[in-house]
Amino acid sequence: MYQYVDRPLSTLDEGCRFLVWSMRAWVTAIASKRCPAQTLAPAFARWRMIGGLQSFHRAMLLFNRDALETFAFCPLACDHVSEHEAVILELVTSLRDRGPGATRETLELLVLEESVGDVLETLSKLGTALAVAGIFPQEPAISHTPRSS
């Protein structure tokens, strides 16, 4: 999560930017009393992610309903990644990089116990759709600033 939080969106790959935009657009649609799946469908189709829309929508619904704390998302125009946006990015990449066991342990800290399995399965399907579309999020490169002597 720490590799994403407070990072400018411009430093992230298209998969990360797509997911962050999707989270924010989903929350914005809900706040405007619009159907988020219908609102996001054109963008998901454009990014070859229409097969992942149901999984994304379900994940957001589960986080909205069953999170142990209220998740906070930035407005659409914000250039930085919020803490909860970073958590979701990490969960998606964690499944591939650390496996379901470690991701399950993290989810147990975030959502109600009875939802952990559902969220895990849903994030797995979302990750598969991202991979098929060729936009699976990558960890950002750590930029090293040379020290002056």
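Reply: The following account treats the setting of the pair and then its packing.

This is a predicted model, in which local features need pLDDT of at least 70 and side-chain atom pairs count only at pLDDT 80 or more, while totals for chains, interfaces and linings use all residues. Residues are numbered from 1 along each chain as its sequence is written, and side-chain values use heavy atoms, with hydrogens and water left out.

The protein contains six helices and zero strands (DSSP runs, H or I of at least four residues for helices, E of at least two for strands, numbered from the N terminus). Of its 149 residues, 46% count as buried, that is, under 20% relative accessible area with a 1.4 Å probe, protein chains only.

Helix α3 spans residues 53–66 and helix α6 residues 116–133; their axes lie 8 Å apart at an angle of about 150°. Axes here are lines fitted to C-alpha atoms over the stretch in contact, and angles run from 0 to 180 degrees between N-to-C directions. The two helices are therefore roughly antiparallel, a term for angles over 145 degrees. The crossing of α3 and α6 is left-handed, meaning that the near helix is turned anticlockwise from the far one by less than a right angle.

From α3, residues S55, F56, R58, A59, L62 and F63 meet D118, V119, T122, L123, K125 and L126 of α6, contact being heavy atoms within 4.5 Å. By class, this contact has seven nonpolar, two polar and three charged residues (Ala, Val, Leu, Ile, Met, Phe, Trp, Tyr, Cys and Pro count as nonpolar, Asp, Glu, Lys and Arg as charged, and the others, Gly among them, as polar).

Terms used: Parallel < 35°, antiparallel > 145°, perpendicular 65-115°, else oblique. Buried < 20%, exposed > 50% of the residue type's maximum accessible area, 1.4 Å probe, protein only.
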